[in-house]
Amino acid sequence: MAKRPKLPARLLREPLLHFAILGGLIFAFLSEAKTTQPAAEDHRIVITGNEVERMAAAWAQRWQRPPTAAEMDGLIREAVREQVLYQEALALGLDRDDVVVRRHLRQKYEFLTQDLAYDANPDQAVLRAYYDARTDRYTEPARLSFSQIRFDLERPGLPAETAAARALAALQGATGPQAADTLGDATSLPTSFDMIDDAEVAAMFGPDFTASVLQAPPGSWAGPIASGYGLHLIWVSDRAPRAVLPFEKVRQRVEEDWRYDQRRAANEAVYRQLLARYEVVLPPPAPVQAGGGGS
Amino acid sequence: MKPDRLKTIVLAAIAASPSATPALAQQDIADPHGHDPAALTTLNKAPPYSPNAGRNFPDRPLFGETHLHTTLSFDAGTFGARLGPRDAYRFAKGQEIVSNTGQPVRISRPLDFTAVTDHSDNMGFFNEFAAGNPDILANAQAKGWYDLMQSGKGAEAAIQIITAFSNGSFPIEIMSQPGTKLYQDTWKDIIAAAEEANDPGKFTALIAYEWTSQVGTGDNLHRNVIYRDGGDLAVQMDPMVTLPPHGSQDPVDLWKWMGAYEQKTGGHVLAIAHNGNLSNGLMFPTIEQFGKPVDADYVAERARWEKLYEVTQTKGTGETHPNLSPNDEFADFEIWDKGNLTMTVAKKPEMLQHEYTRMALLNGMKLETQFGTNPYKFGLVGSTDSHLGFSSFEEDNFFGKTVSMEPSPERIAKPFVKTDIGTVSEWEVGAAGLAGVWAVDNTRVSIFDAMERKETYATTGTRITVRFFGGWDFGPGDAETRRPAQVGYSKGVPMGGDLVNAPAGKSPSFLVAALKDPIGANLDRVQIIKGWIDAEGNAQESVHDVAWGDATTRKPDAAGKLPSVGTTVDIADASYTNTIGDPELIAVWTDPDFDPALKAFYYARVIEIPTPRWTARDAKFYGLTPGQDVRMTITERAFTSPIWYIPSR
């Protein structure tokens, strides 16, 4: 495709164009198929040499040997029988409104159209634009170093809120996080972390705690903030914010994401396009059921 | 036994003198039981100021999946799964995807690792089958399944296909087999998907497959094979299958394949067996397997290749059975004991002893006496066995085990498997489980090596953190440490390890520290389960409560039995509150009945307070009234790998 610069690249990537071309191909395929199939009207069944070869090859693949003459005759007889009954069934319209045939055809159509109606090889500019619109997705995680002091919500004596507030007051003027090793209620949660990802913090303390600790001012004790384990005073000693990764570093991921989105969008667009050709008539909506549904 | 519950520190000094100077206050509010730098020095020569320097153990376990099927598994595809390995990894990394039935779905938090384990037999068959490949549909049986599927009876077709596969009547001429192009293309694509998704340090995609051995009409002997290696090695050999001419149903032959793979490539693989509960007495043999006596070779090879066992998943939990452990009040948990995998042969009581983890651990020690090696010296993991193309194990976000079970108002009342022998309902399918791995780095090598040394545990789907160490010198003060890992690794061995050379007059002691899931339910209790072979050669077991929530008010009764933690579950609202239990439990426990001459194992079990089961969430969401027999609450739990005590000869 890249070798045909005269066609506008954008047009080449247009899913609906693909769909139109595909439609043409299917039509061509079906028309061609028709010419080799016996027409029902003239009551002729033609088995070509190619078809005989195909049957023999399929047999050989299955049984690991070519069919004998008798077996070949049997295969051809069966093929003729199938064609005769198939044509008669079509003539009677037995293919219409048959749930098996309907679903089969629907699935065939989906296999033909799904995942084809988009350009799987985007150029750099397309990916770049996709990336530019979603830079929040392609970031180096925020990293931080911090220490924490935990207060158990069911601690004996002072309630956790009071104990944390008093400890915080006592720690005004502290010059480092050393108190994390000795204050508060003992916990097996680690007390200090050295430049870990925000995702790691979330895995240990939960998302709400993580959001708060990312907001905390560095260089002093702050809090208390809550986690599933109680209340925490925190000392943030170092922090590197989320940083957008350069396109070159995430090109592969961008391409995968782009393809994923395109595939879904293209499949949906194909269906929408087809749907637009129809007027859909539905029965009037049933009265809303009490207690059903749910969100 | 008095609990060594986490002690709390009183800030009385602050209360008494709020105006104290910071320096003074700091001294006064110091934790008297806290970590003592002087004591640490003896463990850790000249500790650096930074607590992180030289730290070679992880802050948290890695959580992941070791058992997941996609559309490339012939049965999953037949059940209607359209999602492949790439979708599975996207989902595991926390991105929203669209399920097989068109419903948007997202995991609550990303996983750290995932192994996609599609069935090696007939791998990739379904794609060709569904596309109507004429060579496949030329087979009358395949055509029958195809028509069934096309007429909207996909689940029925799936059952028939699985049954045919299980009882060996699957037509071999249409099978995707090793050596064929279809097979090799499928295997290469599975590897390529893992290579794309693998992101060392952040997310590990383990290359893997499932070897699906079924004996008779469907006795489950399945194993997942996990690779330590990248695609450059894994691609060099097609996976082991079960059907002739390339395969075998006998695990001994799988181990030979594993040996051949390692020999040929210089790589490493391990096997994880699962669902002994559906093996009808075959998973953990003690006398005979595949018509041959269990012998020294069998036990040695099994111990060499099968370092882990999957103890919990959607098709039931197999820690122990109420009949095997009548004195364990928590034994009756998500049990599947009606028959084999296909429900073609009913369960008999004598089968149970060869199906469940705890009894296998006991029998393994007996076999060790007989043959010199313990074949059942395995660590534990949990995983899903999902056939959806993505992992599903969260009670409030459960998409079932197969596509026919994706959320709908009907699923709670439908049968999952139904035969003349019996019925397993879809409500009995569990939202479980997860593998917790104490790996130092999030890489294939580090995770695999932690699995090899059994430093792993299983959860029934929640992210409980549990550390478990055994040694000879843990004392009550160690339960008050702020660095259980540092103390644990310094003074003992972690889960999966051995205790040897018992010092005269000493009993083994254990440090166990558990944290609740950071966004989940509080903990009810931590237990240590001991199993041993007594002087007469009989298997014995005991369960010990070693730490529990609400300990200031909740005391064991005169008989030593700890009262129930109670419940806060509002079934109608599918909700609970963390007003009972504790977020964190830590204890040191010393075996009160230790005999240095007797083999023993010890593992920890952590139990959460009751929470709504996925069935309660369904009932609320769809406005249903489930049948009386439908379980609506669950007590999620974690099981650690054991620590074994090995007597001196």
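The legends below describe several close-up views of a predicted model.

In this predicted model, local features need pLDDT of at least 70 and side-chain atom pairs count only at pLDDT 80 or more, while totals for chains, interfaces and linings use all residues. Residues are numbered from 1 along each chain as its sequence is written, and chains are lettered from A, with ligands numbered from 1, in the order in which they are written.

**View 1. Chain A and its domains.**
Chain A is assigned domain 1 (9-117), domain 2 (125-134 + 245-275) and domain 3 (141-243), with bounds that come from an automatic or database domain assignment. The centres of domain 2 of chain A and domain 3 of chain A, taken over C-alpha atoms, are separated by 40 Å. The chain holds 10 helices and six strands, where helices (H or I, at least four residues) and strands (E, at least two) are DSSP runs numbered from the N terminus. Of the 295 residues in chain A, 21% are buried; a residue is called buried if 20 or more other C-beta atoms lie within 10 Å of its own, exposed if 12 or fewer, and partly exposed in between, with C-beta atoms placed from the backbone. Among the contacts in chain A with a separation of 6 or more, 68% come from residues 24 or more positions apart, a contact being two residues whose C-beta atoms, placed from the backbone, lie within 7 Å.

**View 2. The annotated span of chain A.**
An unreviewed UniProt entry places the feature "domain: PpiC" at residues 122-238 of chain A; UniProt positions are given in the numbering used here, feature names are shortened, and annotations may be inferred rather than shown by experiment. The span is 32% helix and 28% strand, and its end C-alpha atoms lie 40 Å apart.

**View 3. The four-stranded sheet of chain A.**
This open sheet of chain A has the strand order β3-β2-β5-β4, with antiparallel pairing; two strands pair if DSSP finds at least two bridges between them. At its edges are β3 (192-197) and β4 of chain A, each of which pairs on one side only. From one strand to the next the twist averages 40°, where axes are lines fitted to C-alpha atoms, for helices over the stretch in contact, and angles run from 0 to 180 degrees between N-to-C directions. Four bridges join β2(A) and β3(A) in the antiparallel sense, and F146(A) stands opposite F193(A) in β3(A). Helix α7 (residues 160-170) of chain A packs on the sheet, where it touches β2, β4 and β5 of chain A and makes about 40° with the direction of β5(A). Helix α8(A) also packs on the sheet, touching β3 and β4 of chain A, and its direction makes about 125° with that of β3(A).

**View 4. The buried side of helix α9 of chain A.**
Helix α9 (residues 207-215) of chain A has F209(A), T210(A) and V213(A) as its buried residues. Because they cover an arc of only 100° around the axis, these residues are on the same side of α9(A); the arc is that of the directions from the helix axis to the C-beta atoms. Their cover includes β2 (143-151), α8 (198-205), β4 (221-227) and β5 (230-240) of chain A.

**View 5. A four-stranded sheet of chain B.**
In chain B, four strands form an open sheet in the order β21-β20-β23-β26, with antiparallel pairing. Strands β21 (492-494) and β26 (584-590) of chain B stand at the edges with a single partner strand each, so one side of each has no neighbour in the sheet. Direction ignored, neighbouring strands of this sheet are turned by 20° against each other on average. Strand β20 (residues 465-471) and strand β23 (residues 509-515) of chain B run antiparallel and are joined by seven bridges, and G471(B) has S509(B) as its bridge partner in β23(B). Helix α16 (residues 484-491) of chain B lies across β20, β21, β23 and β26 of chain B, at about 30° to β20(B).

**View 6. Where the two domains of chain B touch.**
Chain B is divided into domain 1 (62-450) and domain 2 (488-645), and 27 Å separate their centres, taken over C-alpha atoms. The contact takes 22 residues from domain 1 of chain B and 30 residues from domain 2 of chain B. On the side of domain 1 of chain B that touches domain 2 of chain B, the elements giving two or more residues are α14 (357-371) and β15 (379-382) of chain B, and α14(B) gives the most, with five residues.
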